[in-house]
Amino acid sequence: MALNYSKKTINHFLNPKNIGEMKNPDGYSQIGNMLCGDQLNFFLKVRNGKIKDVKFLSFGCASNIATASLLTEKVKGMTIAEAKKYKWETVVAELGGLPSQKIHCSVMAVEGFRKAIADYEKKQKHSR
Ligand code: FES
């Protein structure tokens, strides 16, 4: 059975944006799914309350890579408050849809990104 991926999803999978590690990130997260075994790491740089840079590493499926790639493109330049409101439903809509079996990949990407923001906020509290 072949899954129906949009052209945009395939493009982000084949040419992912913002992939890689970051030295001394302001926020970092690691998230995984015990059922499928996929994993994502996010790295954030924040300046003046805005996402200056964001990178990810994926040990996952095509949808995992495509959703993280699109998400990192969209949230760059957003304020922390705006970025926290970015939803998995928006990622899926921006990609032109995902097969229903792959929705959890977008949920994991958004949760992982929010976890990196939470790490940034925690570090901010401790540095005051
Ligand atoms: S199959 Fe689990 S993240 Fe894609």
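The following questions and answers explain the terms applied to this predicted model.

Residues are numbered from 1 along each chain as its sequence is written. Because the model is predicted, local features need pLDDT of at least 70 and side-chain atom pairs count only at pLDDT 80 or more, while totals for chains, interfaces and linings use all residues.

Q: Why are α1 and α2 called roughly perpendicular to each other?
A: Helices (H or I, at least four residues) and strands (E, at least two) are DSSP runs, numbered from the N terminus. Helix α1 covers residues 7-14 and helix α2 residues 62-75, and they pack at an angle of about 90 degrees with their axes 8 Å apart. Axes are lines fitted to C-alpha atoms, for helices over the stretch in contact, and angles run from 0 to 180 degrees between N-to-C directions. Angles under 35 degrees count as roughly parallel, over 145 as roughly antiparallel, 65 to 115 as roughly perpendicular and the rest as oblique. The pair α1 and α2 is therefore roughly perpendicular.

Q: Which residues in α1 and α2 meet?
A: From α1, T9, H12 and F13 meet A62, S63, I65, A66, S69 and L70 in α2. Contact requires that the C-beta atoms of two residues, placed from the backbone, lie within 7 Å. The residues of this contact comprise 5 nonpolar, 4 polar and no charged. In this division Ala, Val, Leu, Ile, Met, Phe, Trp, Tyr, Cys and Pro count as nonpolar, Asp, Glu, Lys and Arg as charged, and the others, Gly among them, as polar.

Q: What makes β1 and β3 edge strands?
A: The open sheet has 3 strands in the order β1-β2-β3, with antiparallel pairing. Strands β1 (27-32) and β3 (50-59) each pair on one side only. Neighbouring strands of this sheet are turned by 15 degrees against each other on average, direction ignored.

Q: Why does P25 count as buried?
A: A residue is buried if 20 or more other C-beta atoms lie within 10 Å of its own, exposed if 12 or fewer, and partly exposed in between, with C-beta atoms placed from the backbone. P25 has 21 C-beta neighbours inside 10 Å and therefore counts as buried. The place of P25 is in the loop between α1 and β1. Not counting residues up to four places away in sequence, P25 touches F43, L44 and K45. P25 and D119 are 94 residues apart in sequence and 10 Å apart in space, C-alpha to C-alpha.

Q: What makes K45 partly exposed?
A: K45 has 18 other C-beta atoms within 10 Å and is therefore partly exposed. K45 is found in strand β2. Its contacts, not counting residues up to four places away in sequence, are M22, P25, D26, K52 and D53. K45 and P25 are 20 residues apart in sequence and 5.6 Å apart in space, C-alpha to C-alpha.

Q: Why does N24 count as exposed?
A: N24 has 7 C-beta neighbours inside 10 Å, which means that N24 counts as exposed. N24 is found in the loop between α1 and β1, and its phi is near 50 degrees, a positive value in a residue other than glycine.

Q: Why does N48 count as exposed?
A: With 6 C-beta neighbours inside 10 Å, N48 is classed as exposed. N48 lies in the loop between β2 and β3 and has a positive phi of about 50 degrees although it is not a glycine.

Q: Which residues in the largest nonpolar core touch the most other members?
A: A nonpolar core is a set of buried Ala, Val, Leu, Ile, Met, Phe, Trp, Tyr and Cys residues joined through C-beta atoms within 7 Å. Of the 27 residues in the largest nonpolar core, those touching the most other members are F42, L44, L71, V91, A109 and F113. The largest share of this core, 7 residues, comes from α5.

Notes
Two strands pair if DSSP finds at least two bridges between them.
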